[in-house]
Amino acid sequence: MCLSRFVLLIFLVVVLPAVSADVAILRTDYYQKTCPDFNKIVREAVSTKQAQQPTTAAGTLRLFFHDCFLEGCDASVLIATNSFNKAERDDDLNESLPGDAFDIVNRIKTALELSCPGVVSCADILAQATRDLVTMVGGPYFDVKLGRKDGLESKAHKVQGNVPMPNQTVHDIHGMFKKNGFSLREMVALSGAHTIGFSHCKEFSDRLFGSKADPEINPRFATALKGLCKNHTVDDTIAAFNDVMTPGKFDNMYFKNLKRGLGLLASDHLLIKDNSTKPFVELYATNEKAFFEDFARAMEKMGTVGVKGDGEGEVRRRCDHFNNLNV
């Protein structure tokens with residue numbers, strides 16, 4: 001062997017890092033050969049479900065966030081609690097995750113198991129369904145790279161401290177985003193997901209009632225919310241739209257609302273008050289194109305957080321159960 005070839009071999013072996021078989025390599029055409037009808041099946045299922053239940057898009061987007069923020073986009077939030085384990089979805093912070101979001105993932109999984117059994121992960125179903133639903137209600141298109149495996153763990157006790165709460169400061173919330181690789185600007189862009197969906201009264205009632213009521217809420221808005229939420233302590237299902245102006249349309253109205261005192265959650269309102277986030281709110285309020293571009297890029301990035309490869313996960317037969325039922 002000549003010296004130059006020997007040196008090259010040493011360089012390749014010693015200097016270049018080896019690629020582990022456990023690392024998930026995502027690509028948009030992952031199922032092109034193994035499940036060619038994947039895109040069609042997902043698209044048709046979400047179209048039917050969204051027509052039946054218009055809050056599905058917002059619910060699925062929220063479910064995707066909650067999944068990815070705790071140990072990555074691995075469908076661990078879909079796992080049901082059993083006698084061996086209390087799962088993520090049954091933690092207090094996840095109890096309001098909407099049933100329609102879980103339902104659409106299960107519907108798609110059932111259809112895919114008939115078409116290409118044992119091929120498509122629940123994590124990929126959730127990611128693809130989220131994108132299709134966002135675009136269906138007017139939001140930006142973004143690529144979804146596929147090839148995730150489903151996680152092998154779902155622990156309720158790990159949720160606290162990993163999912164943002166409405167009463168936290170901008171600093172604390174950004175800490176969670178930063179831990180997952182997101183900048184402050186990306187955090188604000190992703191907060192724009194609140195342009196669709198709703199929140200339960202218990203999540204913002206402290207802004208309305210008692211000695212600590214927030215004087216910065218738009219007075220007419222506050223009066224309407226007080227009327228809506230007056231019985232929230234006996235009926236915890238009462239909820240209000242996050243975006244009171246265009247609740248079913250994905251647009252930049254959420255940011256316009258913040259400037260008018262129409263932010264529903266305390267954490268929403270803080271985005272326009274905090275000097276670090278205010279410039280981004282003002283940008284997105286006046287430039288929907290900038291918001292859509294930033295949101296799309298951030299969602300593509302979100303879909304790659306903590307993904308599992310072959311050695312770290314599985315393709316579940318059912319999205320709400322591990323293949324090993326004793327886990």
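This is a predicted model: local features need pLDDT of at least 70, side-chain atom pairs count only at pLDDT 80 or more; totals for chains, interfaces and linings use all residues.

Trainee: Which domains does the lining of the largest pocket draw on?
Mentor: Domain 1 (37–158) and domain 2 (170–302) each give at least three residues to that lining. The domain bounds come from an automatic or database domain assignment. A pocket here is an open set of points on a 1 Å grid over the protein atoms alone, where a 1.4 Å probe fits, with protein on both sides within 12 Å along at least five of seven lines; lining residues have an atom within 4 Å of a point.

Trainee: Okay, how much space lies in the largest pocket?
Mentor: About 1000 Å³, the volume being the space filled by probe spheres set on the grid points, which are joined across faces, edges and corners. The lining has 43 residues, and Arg62, His66, Pro164, His194 and Leu265 are the closest to the centre.

Trainee: And which helix supplies the largest share of that lining?
Mentor: That is α3, with seven residues. Elements that each supply at least two residues include α3 (56–69), α4 (99–115), α7 (184–191) and strand β1 (198–200). Helices (H or I, at least four residues) and strands (E, at least two) are DSSP runs, numbered from the N terminus.

Trainee: How do the lining residues divide by class?
Mentor: For the largest pocket, 22 are nonpolar, 13 polar and eight charged. The second largest pocket, with about 180 Å³ of space, is lined by three nonpolar, three polar and six charged residues. Among the residues lining that second pocket are Asp206, Arg207, Lys212 and Asp214. Asp, Glu, Lys and Arg count as charged; Ala, Val, Leu, Ile, Met, Phe, Trp, Tyr, Cys and Pro as nonpolar; and the others, Gly among them, as polar.

Trainee: Back to α7: why is it largely enclosed?
Mentor: Seven of its eight residues are buried, so the rest of the structure largely encloses α7. Buried means under 20% relative accessible area with a 1.4 Å probe, protein chains only; exposed is over 50%, and partly exposed lies in between. The cover over those buried α7 residues includes α3, α6, α10 and α12, with contact meaning heavy atoms within 4.5 Å.

Trainee: New topic: how many aromatic pairs does the structure hold?
Mentor: There are 13. Rings of Phe, Tyr and Trp (its six-membered ring) pair if their centres lie within 6.5 Å; planes under 30 degrees apart count as stacked, over 60 as edge-to-face and the rest as tilted. Phe177 and Phe182 are edge-to-face, at 6.2 Å centre to centre with 80 degrees between the planes, and both residues are buried.

Trainee: What about Phe250 and Phe295?
Mentor: Their ring centres are 4.9 Å apart and their planes at 55 degrees, so this pair is tilted. Phe250 sits in the loop between β2 (239–241) and α9, and Phe295 in helix α12, 45 residues apart. Phe250 and Phe295 also belong to one aromatic cluster, along with Tyr254, Phe255, Tyr284, Phe291 and Phe292.

Trainee: Last one: is Asp124 buried or exposed?
Mentor: Asp124 counts as buried, because its relative accessibility is 0%. Asp124 is in helix α5 (residues 122–136), and leaving aside residues up to four places away in sequence, Asp124 touches Tyr31, Phe38, Leu146, Gly147 and Arg148.

Terms used
Residues are numbered from 1 along each chain as its sequence is written. Side-chain values use heavy atoms; hydrogens and water are left out.
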